[in-house]
Amino acid sequence: MSLLSRVANVFRGERLNRDIEEEYASHLEEAILAGRDPAEARKALGDTLRRRDESHDIRVVAWADAVRADFLFGWRQVKRNRVTSAAAIVSLALAIGACTSAFRLIDALLWRPLPVAHPERLYVLSRRGMGFDNKPGEWDSWAYPDFQLMRAAAKGEAELIAVSYADRSDITYRTDQEMEKAVVQYVSGWMFPTFGIKPAAGRLFTEKDDRTPGAAPYAVLSYDYWTRRFGRDPGVVGRTFQYGDGVYEIVGVSGKEFTGTEPGIVVDIFVPTMMHRGVARRDSTWMRTLAVVAPGVAIEPLRAKLAAINYAFERNRLSGETGLSQETLRNVLANQVRLEPAPTGASGMQKEYSRALAAIGLLVVMVLLIACVNVANLMTAQAATRAREMALRVSIGAGRMRLVRLVLAESALLAFFAALGGALFSWWSAPFVVNMINPPDNPARLILPADWRVLGFGMLLIACVVLLFGLVPALRASSVKPVSALRGDDCHARPGLMHGMIAAQVAFCFLVVFVAGLFVTTFERLSTKPTGFSAEGLLLLDTVAHRPQPAAYWDQVEDHLRAMPGVDRVSQAAWPLLGGDSWNDSISFNGGPPSVDLGYFLNVSPGFFETMRIPLLAGRDFRQSDGYPPAAIVNQTFAREFLKDNNPVGRSFDKASDDGSRERMQVVGVVADAYYSNIRTMLPVVFVPIHRPLSQTALRPMSEVTYIVRISSANPLSLASQLRQEVGRVRPELRVSNVQTQKELLDAQTIRERMLATLAMFFAVVAILLAGVGLYGVLFYSVVQRHREIGIRIALGARSGNVVRPIVSGISIALAFGTVTGLAFGVLSTRYIESLLYQVKASDPIQLAGPCLIIFLAAIFAAAPAVVRALYINPADLLRSE
Amino acid sequence: MAKNDSLQGALDLLVLKILSRRPRLHGYALMTAIAETSDDVLRAEEGSLYPALHRMEEAGWIRAEWVKRETGRRTRIYEVTKAGKEQLAAEEVRWQTVTSAVNRVLRMA
């Protein structure tokens, strides 16, 4: 009872005092009733006030009581300086919230271990070197037969697990027309037991489900999908769905925590790897290889063993590929096998976004520092005005520590409110940023729990923030010299300290604005660069059939679509430009050796170039009578790089496949360059007819095509559902699996850059605002502080320049110093963000001049009120008030 | 004043003892009880009685309660807790040991 009641008493101090006083009063009453003289009784009782404090201290926890008093006092200060406090809280809240959000994103994507048994023993296998396309790179995709050999070799030292790239696919629980999307992933049957995952319903896969190709058409749902799609209905076990060519039976639901091994993607449905079509193919790499290494096994020998197996496998495989150039063979066989820790799993989003998030994280930390400096400056100015109060406290016996605590309590209060605001901001902003990451039809999904990791980070952050902005003013306040302060001496903040803080602030601000400028320019350069085709008004219908359908069916649908009102043009292509798909092969001439560089191919129907508005430069478009091979239309880059000829119409070349087979192509036309799979590199492209003759009379049936529809109305999506229905109506065998616009594909090319530009821009504005407010505050304060001095100078006939100079000069030096420091750091920092930039250099004078100008303007804007105020000080008013 | 000093340390013992015989006393009554039973030899200093009471209350030896008096004023009355009784027994033993030791010294010297 004792400690508890004493702590409780801390919070009812007034009542406690009243109780004690009442007891003394009743004592006196008794004494008087007993016939004693009231004055004598009172004297006998002694100094009740001191007794009261004595009793009070007995009945409360003394330090808690002092802390309570500090906070109460701090709260009064916060309330008294309402505007300053609000400004401090809002700027800190923004900074703390942004920091927390950045932490949540980075943690979720890069740091948080997977919820599996022993994530610290999880590794991912990858290769690094020169690729088949003769470009350096790193790949984590593997062929299944290679995986099987490596798994057998690693037995006892590590368990290898195959995990396919999660794919958003069409599945249906009923008929084809009721298709829906689900994220499907092929996984090794032994993945669940190896990871120690328990089923939430039914059973999970075991090794038995993953032995024979095609033998186990079973599926395990993720808990998340089970909840979203089925409302956690346990009856879902035993249901079937159609996916690809097969019908799968749901056998169970995986444990709640496990959402797959690819941060950024939440898997809906797991199926065994043996159900994958490419499981026996040696030339198809479609899965990652994860390794759970047994305790105590050395990594390097294991890696070397796996590398040797892989080398033998690749050499064996490539010896049959006579179509490869010797250089490519050498390059590919020289690839390094890497075995790297992957406690957080492995995903494309990690590769794509880790650097971008780190850059944002750094910007956010700088904004936080700016905010802290701001608040520190505000509080230092305030502390200076409170110097007399502090001096008085010291002279009546308050300890220095107590004063430090007093000011820190006020800081802690500010930080507490800022943390509340920051938590709200982060709660909203982290998912908001995740939503920015992927195209709207396939959103990135990061699990962003608010758990002890986030809480711990938040606490640490607040502690740092309080120390950062609170300690300096607190120490200053406590170091006050009572004699000089009470005598009315100059007890103002040392300008040097404040100027130093301003310089730091300007340096951070410059850095943020500079980096933001680089990101914005990158985004602008990428998003405004000509693509070579017109994306406006293009609707793309990805259309699929269960089994290959006659070419005539596909053409029939094209004709029907073209006849619909509102439709300008319709063409077919194997896939849309910038869709990410690609098909490449070597080129050779007159039976010569295959080229090291690759040509890129795309099947299109006649009229494709007109639909895409890609200009035909020479020759002619495809005709219905053209077939693949030999008709070919090449782009300018191909003509230049492979044919060394600006007008190669009529020339021929060979498309050389890896297996040594060759197809003779003849150029019938040349088109202008247009980007093929991404907008960063212009590739040499060969367009070939979509139809491929099977014999003299028949064409090869097809199972998928993208209809490219140019629509006359401004919003192509308005016709989407009508077009989709029309496809099914004309040919029920065909089904539209996905509808998107070419504009969406184009925008998807710059998603990361847009995100970086938007966020960096936002933080740049915040940084400028904060730094401006800070500068304004310091200048204004220095004018108020020198009020008397300036008044006397004006009275003595000082010119405006003489009045303004002393106020502005110190700040100007701070500004210049800060800008130069920021500039230096800016130039240094670009090394780390170079990979995020496009066609923009840190040394670009415009990139450097921009932030200088912005800071200069902000400084003028922030300084103006103080300068004006100084100039309009009226000496007469001053004398009257003195 | 000098005789109060002899009470230092013994005040707790006296309060506990009196309260264990006559429960539910207020501060003034306690004070008079100490004076009366000791034939006015021992007097608790009025001011220091209350901090001592509060300390013992926090230590859990006694508990307090507000009661309404016929005059309308509230008064705080005290009684011994179980822990207080144990403390009293221990204190009594200690007191006896100390006083008999002191007596022995006085006799011998």
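A residue is called buried if 20 or more other C-beta atoms lie within 10 Å of its own, exposed if 12 or fewer do, and partly exposed in between, with C-beta atoms placed from the backbone. The structure is a predicted model, in which local features need pLDDT of at least 70 and side-chain atom pairs count only at pLDDT 80 or more, while totals for chains, interfaces and linings use all residues. Residues are numbered from 1 along each chain as its sequence is written, and chains are lettered from A in the order in which they are written.

View 1. H118(A), in the loop between α6 (82–111) and β1 (122–130) of chain A, has phi near 55°, and because 16 C-beta neighbours lie inside 10 Å, H118(A) counts as partly exposed. Helices (H or I, at least four residues) and strands (E, at least two) are DSSP runs, numbered from the N terminus. R24(B), in the loop between α2 (10–21) and β1 (25–26) of chain B, has phi near 60°, and with 11 such neighbours R24(B) counts as exposed.

**View 2. Strand β6 (residues 180–187) of chain A and its partners.** Six of the eight residues of β6(A) are buried. Strands pair if DSSP finds at least two bridges between them; β5 (residues 167–172) of chain A pairs with β6(A) in the antiparallel sense over five bridges, with D167(A) opposite V184(A). The pairing of β6(A) with β11 (residues 269–272) of chain A is parallel, over four bridges, and there Q185(A) has F270(A) as its bridge partner.

**View 3. Cis peptide bonds at P629(A) and P630(A).** The bond from Y628(A) to P629(A) is cis, with omega near -15°, and the bond from P629(A) to P630(A) is also cis, with omega near 15°.
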